[in-house]
Amino acid sequence: MKFFVDTADVDAIRELNDLGMVDGVTTNPSLILKSGRDILEVTKEICSFVSGPVSAEVVALKADEMIAEGRKLAEIAPNIAVKVPLTWDGLKTCKVLSDEGHMVNVTLCFSANQALLAAKAGATFISPFIGRLDDINLDGMDLIADIRAIYDNYGFETQILAASIRTANHVAQCALVGADVMTAPPSVIKSLANHVLTDKGLDQFMKDWAKTGQKII
Ligand code: G3P
């Protein structure tokens, strides 16, 4: 499973990228707001050191304006994936931009039927939002499994990009049900290394090592 980082925080992306943990980046208008940066400028900076897909989202609601915004975002770098919402105008935009050879990430997906439409419109990525389904007491992971089955039934090549990932459990479950990509905030990616028994075991090793009185260097 590929790891995308869900942030427009350049320092946080660099830190994970140096560890080889970054296969791509996703941003959205809320994350651009949080970064306090200009969308074109910060996206260009991210693309200067991330070679995988970098999603940048349009903000128009009508297809003709979305297409114009998407083309402008795609000019930033060849690895831009234009992010569009799962509306009819977004799907129209997806079809036009993907026919032009641009990567398109269709976002705000909350049902298997929406995912089917995005695949038929030529989406490179479909972004089902796990955490937000969990928020309303639905099981976001069921949606990932349903989309996986549907795409496999018909050989759709659209990649399932599990989004709105909030916990380490979400990450493991996405990998188990076969998401192609997961995108998570840097804090969630870092938390994957944590285990209470790792901490406990290391603590015991350090105590015992001190008692040996030895040094390696
Ligand atoms: O990738 C989508 C993500 O940014 C939304 O996450 O936690 O706001 O639902 P969240």
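Is K62 buried or exposed? K62 counts as exposed, because its relative accessibility of 52% falls in the class over 50%. The model is predicted, and its protein chain comprises 11 helices and 8 strands. The chain surrounds a ligand with eight named residues, among them N28, R132 and R166. The points below treat the overall chain, the ligand site and then selected residues.

**Overall chain**

- The protein chain has 217 residues, of which 45% are buried.
- Along the principal axes, the C-alpha atoms of the protein chain fill a box of roughly 70 × 40 × 30 Å.
- The secondary structure of the chain amounts to 11 helices and 8 strands, and these include helix α11, which spans residues 196-212.

**Ligand site**

- The residues around the ligand are D6, N28, F129, R132, A163, S164, R166 and T183.
- Sorted by class, this shell contains 2 nonpolar, 3 polar and 3 charged residues.
- The side chain of R132 places an N or O atom 2.6 Å from an oxygen atom of the ligand.
- For R166, the corresponding distance between a side-chain N or O atom and a ligand oxygen atom is 2.7 Å.
- For N28, a side-chain N or O atom lies 3.1 Å from an oxygen atom of the ligand.
- Taken alone, the ligand exposes 310 Å², and the protein buries 80% of that area.
- The largest pocket is the space that the ligand takes.

**Residues with positive phi**

- Most residues other than glycine have a negative phi.
- S164, although not a glycine, has a positive phi of about 55°.
- S164 is found in the loop between β7 (159-162) and α9 (168-177), and S164 is also among the residues that surround the ligand.
- S164 counts as buried because its relative accessibility is 11%, under the 20% limit.
- N137 is likewise a residue other than glycine with a positive phi, in this case near 65°.
- The loop that holds N137 runs between α7 (130-135) and α8 (140-154).
- N137 counts as exposed, since its relative accessibility of 73% is over 50%.

**Positions and separations along the chain**

- K62 is placed in the loop between β3 (54-57) and α4 (63-74).
- K62 and G90 are 28 residues apart along the chain, and their C-alpha atoms are separated by 7.9 Å.
- S48 occupies the loop between α3 (39-47) and β3.
- S48 is exposed because its relative accessible area of 54% is over 50%.
- Between S48 and I147, which are 99 residues apart along the chain, the C-alpha separation is 33 Å.
- Q204 belongs to helix α11 (residues 196-212).

Definitions and conventions:
Residues are numbered from 1 along each chain as its sequence is written. Side-chain values use heavy atoms; hydrogens and water are left out. A residue is near a molecule or strand if one of its heavy atoms lies within 4 Å of it. A polar contact is a pair of N or O atoms within 3.5 Å; within protein, one must be able to donate a hydrogen and the other to accept it, and residues adjacent in sequence count only if both atoms are side-chain atoms. Accessible areas come from the Shrake-Rupley method with a 1.4 Å probe; for residues, only the protein chains shown count as cover. On a 1 Å grid over the protein atoms alone, a cavity is a set of points where a 1.4 Å probe fits but cannot get out, and a pocket is an open set with protein on both sides within 12 Å along at least five of seven lines; lining residues have an atom within 4 Å of a point. A molecule sits in a cavity or pocket if more than half of its atoms lie within 2 Å of its grid points. Ala, Val, Leu, Ile, Met, Phe, Trp, Tyr, Cys and Pro count as nonpolar, Asp, Glu, Lys and Arg as charged, and the others, Gly among them, as polar. Helices (H or I, at least four residues) and strands (E, at least two) are DSSP runs, numbered from the N terminus. Buried means under 20% relative accessible area, exposed over 50%, partly exposed in between (1.4 Å probe, protein chains only).
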